[in-house]
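This report goes through one structure part by part. Please keep the sequence and the 3D view open while reading.

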Amino acid sequence: MAARSTITPQEDEELRLLRAEYFDASKRAAEAMQTSDHPLDVAALKTVLEEDARAGKAMRRIKEIYGV
């Protein structure tokens, strides 16, 4: 599948927001995984999974807009 060559102004704005959402969710997931010397607890794991899902959703939409 070939990527789209043009992006509408609305999609451009959506991409800006999606990139921020992807970055922020990925950062929150990574921060929740930083447990120092103790194991990952249930609450932190829940956060990791939720934020990973949020980042994945943003990336899927980004790919959809670009047509890849």
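## Contacts at Thr 8

A polar contact is a pair of N or O atoms within 3.5 Å; within protein, one must be able to donate a hydrogen and the other to accept it, and residues adjacent in sequence count only if both atoms are side-chain atoms. In this predicted model, a polar atom of the Thr 8 side chain is 3.0 Å from the backbone nitrogen of Glu 11. Thr 8 is in the segment before H1; helices (H or I, at least four residues) are DSSP runs, numbered from the N terminus. Thr 8 is partly exposed, at 32% relative accessibility (buried means under 20% relative accessible area, exposed over 50%, partly exposed in between, with a 1.4 Å probe and protein chains only).

Residues are numbered from 1 along each chain as its sequence is written. The model is predicted, so local features need pLDDT of at least 70 and side-chain atom pairs count only at pLDDT 80 or more, while totals for chains, interfaces and linings use all residues; side-chain values use heavy atoms, with hydrogens and water left out.

## The nonpolar core

A nonpolar core is a set of buried Ala, Val, Leu, Ile, Met, Phe, Trp, Tyr and Cys residues joined through side-chain atoms within 4.5 Å. The largest one has five residues: Leu 15, Leu 18, Ala 58, Ile 62 and Ile 65. Helix H1 (9-33) and H2 each give two or more residues to this core, and H2 has the largest share, three residues.

Apart from neighbours within four places in sequence, Ala 58 is in contact (heavy atoms within 4.5 Å) with Leu 18, Glu 21 and Tyr 22.

## Salt bridges

A salt bridge is a side-chain nitrogen of Lys or Arg within 4 Å of a carboxyl oxygen of Asp or Glu. By this rule there are eight salt bridges. One of them joins Glu 21 and Arg 54, at 3.4 Å from N to O. This pair links distant parts of the chain, with Glu 21 in helix H1 and Arg 54 in helix H2, 33 residues apart.

Arg 54 also forms a salt bridge with Glu 51, at 2.8 Å from N to O; these two residues are both in helix H2, three residues apart, about one turn of the helix. The side chains of Glu 51 and Arg 28 are joined by a polar contact of 2.9 Å.
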